[in-house]
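Work through the exercises below with the coordinates open. Each task is followed by a stepwise solution.

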Amino acid sequence: MSDAVLVDIEDGVATITLNEPDRRNAFSMDMSAGLRDALDEVEESDARCVVIEGAGDAFSAGGDVELMSQTATGAVPLDESVRTLEKTTSETMARVVAFPLPTVAKVEGPAVGAGANLAIACDVQLASEDAAIGFVFREVGLAVDAGTSYLLPRVVGTNVAKELVFTGEVLGAERAHDLGLVNHVYDADEFDERVDEFVARIATGPTVALRHSKRLIDEGLRRTVDEAMVAEATAQGLCFDSDDHAEGVTAFVESREPEFEGS
């Protein structure tokens, strides 16, 4: 795996760190490939939840400006740049969106461009009060990419998505929270502690059921209500057969907190 991305797995939580702080964790080819490799490693592990964070003072500054500059000057052919975009950022973002385990974006500092998309591609977004998020493609004369046209309207609605893209406004954490781009904003001095508490709640949950719930919610956007309920019933049949369901029922009857093992 590339040193551009680090993985640590402990107590059911896989922490994936974008590790190019000198470049503000921009999406280089190494970064994109490293993130995909990290997700592959996590999927094969016993992790029950994933946290994605950035090293240094930024979550991610977005696209690879060096590649953009080389393309603009002709040093890198246009078709090669397009292929690179498809092979790196686009594939990586699709992998995050489709990842089967619950994913949490831990956002400190700026998350802009592709970095903003990485944040909202996760299932839950937790932001420090110093976080900022912006879909700033217009600032470098580019249309949206990295999944913006799919992800952003689903979060904020079409008209707000267009406003954010047309203006390139960079939102502070509280404004991002008001628009639904982040779930929670925490004080900087207690950010790590609050994130750990939140993530532990997911990592100690009934993993089989949560995986199915995530899939059903994502697929529900493309289904009729009847199709959704049939899919839910099928998933519930699988959950009925899980150890965690048995533990949950037993704990309920015994009036205690369940101790889910993730199976």
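**Exercise 1.** Is Ser128 buried or exposed?

Solution. The model is predicted: local features need pLDDT of at least 70, side-chain atom pairs count only at pLDDT 80 or more, and totals for chains, interfaces and linings use all residues. Residues are numbered from 1 along each chain as its sequence is written, and side-chain values use heavy atoms, with hydrogens and water left out.

Step 1. Buried means under 20% relative accessible area, exposed over 50%, and partly exposed in between (1.4 Å probe, protein chains only).
Step 2. Ser128 has a relative accessible area of 0%, so the residue is buried.
Step 3. Ser128 belongs to strand β6, residues 124–128; helices (H or I, at least four residues) and strands (E, at least two) are DSSP runs, numbered from the N terminus.

**Exercise 2.** Find which residues Ser128 is in contact with, leaving aside neighbours within four places in sequence.

Solution.
Step 1. Contact means heavy atoms within 4.5 Å.
Step 2. The residues that meet this condition are Val107, Glu108, Ala173, Val185, Tyr186, Ala188 and Phe191.
Step 3. Among these contacts of Ser128 are Tyr186 and Phe191. Tyr186 is buried at 8%, and Phe191 is buried at 1%.

**Exercise 3.** Determine which face of helix α6 is buried, and what the buried residues pack against.

Solution.
Step 1. In α6 (residues 158–167), the buried residues are Val160, Ala161, Leu164 and Val165.
Step 2. Viewed down the helix axis, the buried residues of α6 fall within an arc of 130° (taken from the directions from the axis to the C-beta atoms), so they line one face.
Step 3. Asn159 and Phe166, on the other side of α6, are exposed.
Step 4. The buried residues of α6 pack against α5 (148–156) and β8 (170–172).
Step 5. After α6 comes Gly168, with a positive phi near 70°.

**Exercise 4.** Describe the salt bridges of Asp192 with Lys106 and of Lys214 with Asp123.

Solution.
Step 1. A salt bridge is a side-chain nitrogen of Lys or Arg within 4 Å of a carboxyl oxygen of Asp or Glu. By this rule there are 14 salt bridges.
Step 2. Asp192 and Lys106 meet at 2.8 Å, N to O. Asp192 is in α8 (residues 191–203) and Lys106 in β4 (residues 103–107), so the pair ties together parts 86 residues apart in sequence.
Step 3. Lys214 and Asp123 also form a salt bridge, at 2.8 Å, N to O. Lys214 lies in α9 (residues 207–220) and Asp123 in the loop between α4 (114–121) and β6, so this pair ties together parts 91 residues apart in sequence.
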